[in-house]
Structures are given as structure tokens and as C-alpha cells.
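Reader: Here is a model I would like to go through term by term. Please set each label against the value behind it.

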Amino acid sequence: MAVHQRCKLLVGALLVLGVLGAPVSADERNDKAVQVSVLGTTDVHGHIYPTNYYHDAGDEALGVARVQTLIKQERTRNPNVLLVDSGDCLQGTPLTYYHARIATHAPNPMVAAYNLMGFDAFAIGNHEYNYGISYLEKARRESRYPFLSANIYHHGTDKLVYRPWIIKTVDQVRIGVIGFTTPGVAVWDRKHVSGKQDFGDIVVAAKREIPRVKAAGVDAIVVIIHSGLGAPYDSTFSGYAADEGIPEENACAHLAEACPDIDAILLGHSHKDLPKLLHHGVLLTQAKKWGERLAVVDLTFKKVDDRWRLTGKDARTLSTEGVPPDEAILAASRQAHEATLRYVRTPIARSSVAWTGIGARTQDIPLMDLISEVQREAAQAQLSAVSVFNSNAHLPKGRITVADLAALYVYENTLTRIRLTGQQLRDYLEFSASFYKPYAPGGLIFDDSQPAYNQDLVAGVDYTIDVRQPVGSRIVGLRYQGQDVMPKQAFTMAVNSYRQNGGGGYTMLKQATLEKSDFPEIRELLIEQVKRWRTISPEKVFKANWRLLPADGVASDGRHYQAVN
């Protein structure tokens, strides 16, 4: 018997016995479901190892090394995976600062980690611009995944700077991935982007690009976006005012309403954990911040008339609490991590006492004046304004390291010097005072939804904040060198670049005259000045110049007004 005859008989026998199974019909193939899992990170802000580099034990529930363990588990559950990031990865810790400002020629450690993790796409966030366009471009060149944004244009043109979208095929299913960036970059990093790049309306860009993605032939559309939810869920404008002429900062809910062809949105920017939200039929999710969560979007498809149809979608976020870090990511990042540790552990000065930021929003304390005095000296200004970035910050008694000082100022703001009028100064202080809740004995002092960093303090003038008065009339006794401040009186003031650009809704500062803006980052100024001083003490910097009324109106917990007995 010929060999091929024996094979035919053997196959036939196996089919009869059911070993190989019967041939699959076309109808049965159409019943097959395919699930694609889109895994997302966002607002990682330079966290690889489970540490913030500021006096912790190195075992915090954050960092992409922990996230990678979750990603591997999800890839085991379902190998049909897309891995994406919704922005703000390249800035945020001493690790990124060290490689942006000191070890400038070394590979970007965040990009190296993402390359190893196998990312498919990255949406550009606003903090990607903090170290300038050249830093962003170096990171993009080193990446093995595309940087996406459909609303960043070469200045004065409609030509996009970055790829707006990509199409990825996963087990025969074609997924279109579109990226967007919050337009606030034009405000917050004006000095880096002005005259170079423009940041357009997200929804307008989406209405232009989505038809193009559909025409290219996709089975689903996924958006990765660095922008918050916005109305009706939270503030549409939080980092700048609505009347500044910049498109909406937080646009995701509006985007879902305007573009129903979107199947899922993985958002970022607001640092919130959003496991799942269905808005106008669009699925939204957000993975919190710093690698504390991994977002998972499961998209289920079935073949109908030779087309993959989306038949189901769900989302959730997974916590990194208790998840061991991935050893391969730790090993690949170890050299960069250890170089950063050596840098932050460098001793630079000594302190005569321990300093604390606790209570900074309700009483004048030396720690805020330390930052103010460094800014005032560097800018050679009459006044100095500081934001309450970290009310839990502290400096130890004795040896002071780079890490100690860096923890006081965790943002990449540079210093500016502005010239403002007495009226603009009063408007500035009134706006900051508006963040206090109306005085009610036993009631909360602050609305928990308002971040502490949106409240500012000014050194160099004396004033009182009377929370018993209505918003807009809370600043009383505003005096400079013993004299009442007049509306047309002029002052120079040191203030961070974010505020000078109107960030946080402080439009009166944007309207002031900008005198000088080429100072270094405030963190660097702080480190270098304290290094020159060699020893620091409250007596060197502190002058009590503001207070809260009613006197003794703050309860011992610092969160409530004192109850009336």
C-alpha cells in the first residue's frame, strides 16, 4: 500500500474516533470570540523602583517594576495584549531630574524600562515638556514605541508634530490607538514651547482623526489621553482659567459625548483611580498615579460576516499593593537607580533644628520662609511667593542632604521675577484666600477637593486673612514696610513659572509684567543656596508676616475650625 494511502486511512480512523475532531464549519468559526486586553499606565512620573527617593524604605506600593509583575500576570491570563501609557512618565522623581540635568548623555531610564516592558504606544503628557523639547525628543528617539498626540502642531501651522494614531493587529483584530495631550502645556511650559509648538482642542482633533482611523479599517478605537474627565464629573479647568483662550484642560467626558465611535478611553492627568465609567456608551478608566495601579480594558470580539464586531467591553484597575517588583526591570534600571541614590544622599549642609511643613496653610512657619528667602535672593525681588506643595515636608536637625531639600520642592518649576501692582497683589492674595471654606466653628477649613499646591503664601508684605469675611474681601491690613499698599504701587516678586503663566487660575499674575525668566529650577536654586550657607536656622530666614483670623480659630487637628464651647 502506498504511503499516502496509509496516511489517508489513518487520518480517517482518527476522525472517526474523535481524536483529531471533525472539520470546523464556517458557522462554528464565526462563533469564536477573541478577547483583547488593553493594559494602561499613566502619570508614572519617573517611578521605576518602589521608592520616591525621599527617606522611605524603598518598599512603597508604586513603580513600574511592580506594575510589570501585574502585566506579566495579565499576559498569562490573556496573551492578546496591548500595553499603553497615557502620559507624564518622563518627569517627577530625583531619578528623572538626575538624568535630565546631570547625567544628560545616559539613556533615559524610563524609556529603557518601557522598552523592556514592551509598550505599544505612549500619549505625550504635559510634564514631558518640563525639561524642554530636546529632552522629550531624546526620549522619543530612544523609544521602541511611538509617542502619540493628535493635537500638537508645529507653531502657526496645522502640521502635526507627532504621530496622531497607530493601528495594532492583535489575533486578527485591528485596534486603532489615538493619542491626545492636554492643551495646558501652552500655559505651564510656555518658555519651552512658545513659538515652537501649539496645542489644539482635543475634541476638534478627534473629530478630524477618528474618520481617518475608521477609513484605514479598524475593529475598535481606543484613546490614550493625558487629560482628566472634566464636567460633569470634575473641573474642566483647574490648571488655568476658562477665559484664557486655551482649549479645555480636562476633556474626556466631552470627548466621549462628541465622538461615540470611540470604544474606550484610558485617561490620565488628574492622578485619580477610575476603575470603570460608562459615559454615553464609551468606556473610561484611569490607573491613578506613580505606578500604584494598572488599568485593564477587556474588549471582546466575534466574527460576523467576515468582520470582527465588538460585542462586549469591561474595565478595572489593579493595585500594586503587596505585588513584588519584577526582577528584570529592577536589574535593567539598577545602574540609573544607584547613581540617583548617590546623588540624593550627598550631604550639603547642617541645620540647627528640625523643620516641619505641618500647618503651613493655617499659620506662618519657617519652612515656607526658607523657600521664599532663597527665591527672593536669587531673583533680587522685594516679595516672594511660595505654594504649599508638601505640607508633610520636613528637614531634620543635623546633616541635610540633597534628598532632604529636594523633598521640599518636588516640581520642576523654574523661578521668574515679575512686576505687579498693589491691586494685582491684593487680587492674588484674595484668590489664594478663597480656598479657605467660610468660617464655621467645628467645620472644615479646606475643601478636600482643592489641592494644597493651589494655595500660595507671600513673604515681604504683612497681611491678615479673615475667613469670616466673604470671598474677595478676606485680605485685611495689607502693608509694605509699615505702610498701606496702594492699588497703583509697584512691586517686584519672585514666583514660580507655573504661577507666572497663570497656572491654577491665577490670571492676575499672567497679566503682570514679566521681568526675568531665565532662572534655573527652584529645587536647584534651593540646593545650591543652602550648600553656600552651609548651616541653616529659622533665625536666618523667618519673619512672621501673615496670620489667620479669627485668632485661635484653628483646631488642634489643623483641618477644622475650633469649635465653640
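Reader: What makes α12 and α17 roughly perpendicular to each other?

Author: This is a predicted model, and in it the two helices pack at an angle of about 95°. Angles of 65 to 115 degrees count as roughly perpendicular, so α12 and α17 are given that label. Their axes are 10 Å apart, with α12 covering residues 366-379 and α17 residues 522-533.

Reader: Which residues make the contact of α12 with α17?

Author: From α12 they are L370, I371, E373, V374, Q375, E377 and A378. From α17 they are I522, L525, L526, Q529 and W533. By class, the contact has 8 nonpolar, 2 polar and 2 charged residues.

Reader: Why is Q382 called partly exposed?

Author: Its relative accessibility is 30%. Buried means under 20% and exposed over 50%, with partly exposed in between, so Q382 falls in the middle class. Q382 sits in the loop between α12 and β17 (383-387).

Reader: What does Q382 touch, leaving out residues up to four places away in sequence?

Author: Q382 touches R376, A459, G460, Y480, A490, F491 and T492.

Reader: What makes the pairing of the side chains of Q382 and Y480 a polar contact?

Author: The distance is 3.3 Å, and the cut-off for a pair of N or O atoms is within 3.5 Å. The side chain of Q382 also reaches the backbone nitrogen of T492, at 2.8 Å.

Reader: Of the contacts between residues at least 6 apart in sequence, how many join residues at least 24 apart?

Author: The share is 75%.

Reader: Why is helix α5 described as largely enclosed by the rest of the structure?

Author: Of its 9 residues (109-117), 7 are buried, so the helix is largely enclosed. The buried ones are P109, M110, V111, A113, Y114, N115 and M117.

Reader: What caps the N-terminal end of α5, and what follows the helix?

Author: N108 is the cap, with a side-chain oxygen 2.9 Å from the backbone nitrogen of M110. After the helix comes G118, with a positive phi near 85°.

Reader: Why is D43 called buried, and why is D306 called exposed?

Author: D43 has 0% relative accessibility, so D43 counts as buried, the limit being under 20%. D306 has 65%, so D306 counts as exposed, the limit there being over 50%. D43 lies in the loop between β1 (33-41) and α3 (64-77). D306 lies in the loop between β13 (293-304) and β14 (307-319).

Reader: What is phi of D43, and what is phi of D306?

Author: D43 has a positive phi of about 50° although it is not a glycine. Phi of D306 is near 65°, again positive in a residue other than glycine.

Reader: Where are the peptide bonds described as cis?

Author: One runs from A231 to P232, with omega near 10°. P232 is in the loop between β9 (220-226) and α10 (252-258). Another runs from L549 to P550, with omega near 10°. P550 is in the segment after β28 (546-549).

Key. Residues numbered from 1 in each chain as written. Predicted model: local features only at pLDDT ≥ 70, side-chain atom pairs only at ≥ 80, totals over all residues. Heavy atoms only, no water. Axes fitted to C-alpha atoms, helices over the stretch in contact; angles between N-to-C directions. Helix = DSSP H or I, 4+ residues; strand = E, 2+ residues; numbered from the N terminus. Parallel < 35°, antiparallel > 145°, perpendicular 65-115°, else oblique. Contact = heavy atoms within 4.5 Å. Nonpolar A, V, L, I, M, F, W, Y, C, P; charged D, E, K, R; others polar. Buried < 20%, exposed > 50% of the residue type's maximum accessible area, 1.4 Å probe, protein only. Polar contact = N/O pair within 3.5 Å; in protein donor to acceptor, adjacent residues only side chain to side chain.
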